[in-house]
Amino acid sequence: MRTKRTTMVIAIVLSAGLALAACSSDSADTTAAPVETEAAVAETEAAAVETEAAAVETEAAAAETEAAAAETAAAAAGGDLTKLAADCTTEGQVNLIALPDEWANYKGILQSFRDKYPGVKNPVANPDASSKDEMEAVKTLAGQKDQPDNVDVSPAIAQEMVAAGMFEPYTPTSAGDVPASLKDPAGNWVGSYYGIMAFLVNTKIVPNAPKTFADLLKPEYKGLVALNGDPRESGAAFAAVMAASIANGGSADDILPGVKFFADLKKSGNLGGTDVTKATMVAGETPISIDWSYNLPGIKADMETAGFTTALAYPTDGVYGGFYAQGVVKGSPHQACGKLWMEHILSDEGALGYLGGGAIPARFEALVAAGKVTEEAKVNLPPAELISKIAFLTPAQITAAKDVLAKEWGPQVADA
Amino acid sequence: MAAMSSETTVNNRMNLLGRFGRLGPILVVVATALFFVLPLLAMARFAFQSVPMISLGWSTLFKRWSFEGVTKAFKDEEFRTALGLSLRLAAGTVALTLALLVPTTLWVHVRIPKARTFVEFLTVLPYVIPPIALVAGILPLKPHARWFLNSNYSLIPFYAVLALPFTFRSLDAGVKALDVKTLVDASRSLGAGWGTTIRRVIVPNIRSAIVSASFLTAAVVLGEYAIARTLLKRTLPAFMQQYQGREPQGGMALALAALVGTTALFALLSVLTRPRRAREVDEPATTTVTRQAMA
Amino acid sequence: MRRDRSWLGLVPLLLFLFLFLIVPAVSVFQRALTDNDGNLGTKALKDAFTGQNFDAFEFSVRLSAQAALVGVVIGTLLAYAASVLRRPRWLRSVVTSFSGVAANLGGIPLAFAFIALLGRQGLLTKILDGLFGFELYGGSFTLDSTWGLTTVYSYFNVPLMVLITLPAIDGLKASWREACSNLGGTSWTYWTRVGLPVLAPSILGGFLLLFANSFSAYATAAAISQKSLIVPLRIGFYLRGDVSANEDQLGFSLAAWMIVIMAISMGLYWILRKRAERWQR
């Protein structure tokens with residue numbers, strides 16, 4: 001009892017300090033508001049046109065209208081971009097997190113940002129962090145100057161962050177080119193790129209690469225299969241389990257067969273148990289990695305230096321595509337830069353950067369229509385017929401899948 | 001033979017047993033020595049040879065050895081930041097610990113000797129609350145003390161708590177070896193105040209205890225992971241864990257440097273604090289303190 | 001009167017411990033007993049001992065006991081060897097110095113060391129396969145199984161045991177051994193009737209200490225495994241919301257139980273240590 005009261009006294013005394021800190025951050029927010037409202041007004045115009053053609057694979061004509069509308073909107077909001085850039089140069093830095101160099105060519109995208117806006121730093125904390133880690137970092141580092149300004153998370157985590165009010169809604173100027181399935185209706189996040197699940201195979205260690213999920217169970221692959229993390233935390237692992245589920249009689253509504261597949265894989269000893277990172281790939285520890293297809297081009301050079309050859313196999317029995325959501329963090333230290341980064345990844349430079357890495361940029365159709373995509377830029381892309389099969393999960397499906405994973409992944413796979 | 005005393009016979013018999021019985025103990029020592037050295041060798045091979053284990057064989061055994069991994073790691077900016085932070089935290093923790101415990105230990109010995117067991121008990125408490133439980137308790141307090149816990153230096157008092165068993169034991173042993181009461185009385189009667197007494201009379205005499213307490217504290221701080229990871233502070237161990245994912249060889253090299261470095265530091269400490277007087281215990285300070293601290 | 005004011009000298013230490021040890025500990029228990037709506041109840045504490053959480057405690061206790069047992073056996077043997085072998089005269093001091101160092105090693109670097117040695121791409125794994133044809137990972141062995149972790153934990157458990165037992169073994173007076181054989185006893189009788197009973201408090205105390213040490217190890221386990229069956233790791237997962245969202249209270253309950261277990265182990269250890277000291281005077 002006495003301890004509780006003492007704790008309360010301490011709490012009261014120290015709350016004064018908190019209140020002081022809170023007061024100062026409030027004023028920073030109000031100055032950011034005017035810039036936003038103008039951008040938002042420009043966006044509603046583009047959005048009105050866009051709602052009429054909202055599928056992932058739109059006709060070229062519809063894409064053209066979108067592009068045209070977006071261009072006028074962009075022109076109207078163009079002045080804002082210059083102001084945003086100026087504000088950002090004053091801030092000097094955008095705190096990023098969990099963007100590995102070899103992931104969808106983030107190395108190139110980070111560099112092109114620095115080239116476009118000299119004087120603005122873009123340090124990346126904890127590149128191997130999972131989406132869950134990103135959310136935790138935003139929470140734990142709240143009020144600190146190293147809190148991430150921008151996150152790049154799986155749709156499942158984006159859902160949680162929206163529910164917790166962790167995003168600062170912002171609609172970038174080129175968001176008009178982005179299909180509705182790739183952006184949040186309230187403007188909390190935008191999915192700037194997407195890809196397909198594939199097997200990244202080290203063909204020196206595994207000359208006979210698996211072609212389907214069923215293949216993975218073969219005894220010759222004992223100890224060689226690996227996931228990119230834990231599906232309860234990482235978007236890539238979540239997608240892998242979903243893809244496995246589709247290959248084993250499940251569907252976007254039912255992830256349980258996928259969990260069971262990995263339980264079998266673990267029981268037979270085929271599931272290696274090490275999480276995939278660039279390090280494990282290059283060391284040959286994870287010769288068969290179930291990961292996004294756009295994660296291979298970035299490490300190819302290092303693999304070859306280590307003496308390995310690589311191959312990409314798209315499993316024919318389980319085609320699954322997913323995107324990552326990027327958004328500005330509410331109350332983060334560098335708001336203008338956070339928004340500028342959003343602008344950059346959706347800009348032509350950003351989109352072409354993703355393309356080079358083998359991911360499909362959200363504005364792909366618009367870029368193609370504008371003739372900005374060369375044949376050689378498309379070399380790392382997955383086959384078009386697979387891209388056409390992609391259907392992103394709805395929020396309800398994501399929630400259902402998360403619940404199943406929370407309940408079943410531990411006992412059936414992780415701790416088995 | 002028969003003329004020898006029974007005692008010698010006993011000794012001979014025991015020596016005979018001893019000679020065959022020596023094999024067992026020797027095997028144990030050799031086996032454990034191997035056990036402790038092999039991991040370090042494995043680390044060195046991984047860190048300094050760029051040949052993946054799959055391709056390692058007799059033909060490739062001597063190829064592609066280089067220090068590239070280490071140099072790259074040491075040049076990494078984040079490494080320097082993390083190292084700097086950890087070193088500053090270590091220095092701060094040592095300072096806080098000494099400032100708190102030297103006067104306290106002295107006070108206990110001089111004024112309230114009966115409280116020694118109570119204070120010993122207090123210094124065992126940190127064992128009962130392991131770091132992960134401690135940080136679990138810190139998290140709910142975050143909203144109340146945000147201005148404090150946001151700072152990296154808020155780790156210092158918690159690290160001082162974790163190191164408390166070692167530091168108290170070390171200083172306690174050091175002070176116990178002196179005839180503190182006499183020293184203090186003599187100093188005070190010659191007109192010195194408490195500050196001067198501590199500074200010029202006591203501290204020089206417990207120098208080895210202070211040094212070993214400092215080294216042990218530094219070791220605790222440089223290796224602490226649970227609290228730093230949960231509060232997302234970018235200390236050296238947290239950095240090493242992340243870095244390994246990106247640069248496997250560099251990360252391993254850093255870890256090897258950490259292990260070898262700690263061992264070297266402790267070896268240095270053992271040499272520095274080797275007892276010079278006959279009546280002191282015949283073992284280096286780290287051993288004494290670690291042994292006594294585990295209580 | 002004077003004595004009362006002397007105790008004031010302890011205030012800084014007491015205040016320090018209060019703020020940075022007691023308050024967090026109390027908050028753990030407070031959060032374990034209060035649910036999201038602010039009601040008090042022991043439901044979470046009970047839930048922390050059921051289902052997956054119970055499995056975690058069972059695994060961790062089993063692991064810690066195993067690691068402690070291995071540490072006790074090897075540590076005692078090593079301490080005995082160091083005490084008995086007089087010929088390489090530097091042997092004893094090397095063993096004691098090294099034990100003083102190694103007992104404080106651990107954490108991330110140690111985990112990396114064993115991954116390099118016994119991981120899937122480990123040096124020893126490769127040697128065993130290449131030279132002896134023995135596939136370490138052919139069965140159910142992984143570095144984060146109980147045996148794998150026991151091996152890793154032994155790196156600091158064995159030295160710790162040496163440090164605890166060596167004084168006790170030194171305390172076994174040679175005269176006792178002589179008396180025993182003079183009275184017609186053999187080595188076996190000596191050990192079972194004299195040696196082990198005298199060493200028993202130290203050995204049991206050492207077991208408890210190693211148990212507590214292994215049970216609370218976080219850094220080493222975290223670098224090797226993501227298994228949520230290890231209680232400290234599991235608490236970490238709960239704290240980060242990785243097991244299930246909004247189940248904070250369970251996480252704190254796990255931490256509370258962990259504190260209880262540690263308190264019991266350390267309490268018993270303290271008692272045994274005091275008994276052991278009797279023989280060393």
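I began with Q244(B), which sits in helix α13 of chain B; helices here are DSSP runs of H or I with at least four residues, and strands are runs of E with at least two, numbered from the N terminus. Q244(B) counts as buried because its relative accessibility is 16%, where buried means under 20% relative accessible area, exposed over 50% and partly exposed in between, with a 1.4 Å probe and protein chains only. I listed what Q244(B) touches: A279(A), F46(B), G251(B), M252(B) and F112(C), leaving out residues up to four places away in sequence. Contact means heavy atoms within 4.5 Å.

A note on conventions: this is a predicted model, where local features need pLDDT of at least 70, side-chain atom pairs count only at pLDDT 80 or more, and totals for chains, interfaces and linings use all residues. Residues are numbered from 1 along each chain as its sequence is written, chains are lettered from A and ligands numbered from 1 in the order in which they are written, and side-chain values use heavy atoms, with hydrogens and water left out.

Helix α6 of chain C covers residues 107-118, and its twelve residues reach 16 Å from first C-alpha to last, close to the 16 Å expected at 1.5 Å a residue; the expected span is 1.5 Å times one less than the number of residues. How many of the twelve residues of α6(C) are buried? I found eleven.

Next I checked S154(C), which is found in helix α8 of chain C. S154(C) counts as buried because its relative accessibility is 5%. It touches F35(B), F36(B), V70(C) and P159(C), again not counting residues up to four places away in sequence.

Then I looked up the nonpolar cores, meaning sets of buried Ala, Val, Leu, Ile, Met, Phe, Trp, Tyr and Cys residues joined through side-chain atoms within 4.5 Å. The largest has 179 residues, and M43(B), I227(B), L13(C), Y153(C) and I235(C) have the most contacts inside it. Helix α8 of chain C (residues 146-170) gives the most to this core, with 14 residues. A second, separate core has 117 residues, including I109(A), A362(A), I387(A) and A401(A).

Last, the interfaces. Chain B and chain C bury about 7500 Å² between them, 80% of it on carbon and sulfur atoms; buried area is the accessible area (1.4 Å probe) that two parts lose on being put together, summed over both. On the side of chain B that touches chain C, α2(B) gives the most, with 13 residues. The contact takes 86 residues from chain B and 81 residues from chain C. I counted zero salt bridges between chain B and chain C, a salt bridge being a side-chain nitrogen of Lys or Arg within 4 Å of a carboxyl oxygen of Asp or Glu.

For chain C and chain A, the buried area is about 1600 Å², 48% of it on carbon and sulfur atoms. Salt bridges there also come to zero. The largest share of the side of chain C that touches chain A, five residues, comes from α2(C).
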